[in-house]
Amino acid sequence: MTLFDFAMITGLGIGGDLIPLDPDMGEWMAAWETLHGARPPTLRAGMVRYTWFEEHYRGEDLETDKEEEQYARGFLLFLFSTTLFLNKWNTVGL
C-alpha cells in the first residue's frame, strides 16, 4: 500500500510536517503515563500487548474529565492498532 492508497482509503492527507523521532523511551513512558493514566509493561522496542488495554480499561468508573480523555485515547489507540496497524504479534508501538 502506498501513501496515495492510504490517503484515498482513509480520506486523510499525506502532506505536512514530519513527525520528529525521539529515541529517548523515558520521555515516551512519562508521556504515556500522563496521556493514559498508567505505565504499561512494554515488550521489545516499546511494544504493548492488546490485552493490556482490556485489562486496564475494563469496568473502570470514569469520574473526571481527565479520566474520560485517557479512556478515549486508549480506545482510539486500541481501535487503530487493531484495524489499521495490525501486526502478527498483537502489539502496538508506543
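H3 gives the largest share of the lining of the second largest pocket, five residues. Helices here are DSSP runs of H or I, at least four residues, numbered from the N terminus. A pocket is an open set of points on a 1 Å grid over the protein atoms alone, where a 1.4 Å probe fits, with protein on both sides within 12 Å along at least five of seven lines; lining residues have an atom within 4 Å of a point.

This is a predicted model, with pLDDT of at least 70 needed for local features and 80 or more for side-chain atom pairs, while totals for chains, interfaces and linings use all residues. Residues are numbered from 1 along each chain as its sequence is written, and side-chain values use heavy atoms, without hydrogens and water.

Back to the pocket. H3 and H4 each supply at least two lining residues. The lining consists of Tyr50, Thr51, Phe53, Glu54, Tyr57, Arg58, Tyr71, Gly74, Phe75 and Phe78. Six of these are nonpolar, two polar and two charged; Ala, Val, Leu, Ile, Met, Phe, Trp, Tyr, Cys and Pro count as nonpolar, Asp, Glu, Lys and Arg as charged, the others, Gly among them, as polar.

Now the helix pair. H3 covers residues 50–57 and H4 residues 65–83, and they pack at about 155 degrees with axes 10 Å apart. Axes are lines fitted to C-alpha atoms over the stretch in contact, and angles run from 0 to 180 degrees between N-to-C directions. H3 and H4 are therefore roughly antiparallel, the term for angles over 145 degrees. In contact, meaning heavy atoms within 4.5 Å, Tyr50, Phe53 and Tyr57 of H3 meet H4 residues including Tyr71, Gly74 and Phe78.

How values were computed:
Angles under 35 degrees count as roughly parallel, over 145 as roughly antiparallel, 65 to 115 as roughly perpendicular and the rest as oblique.
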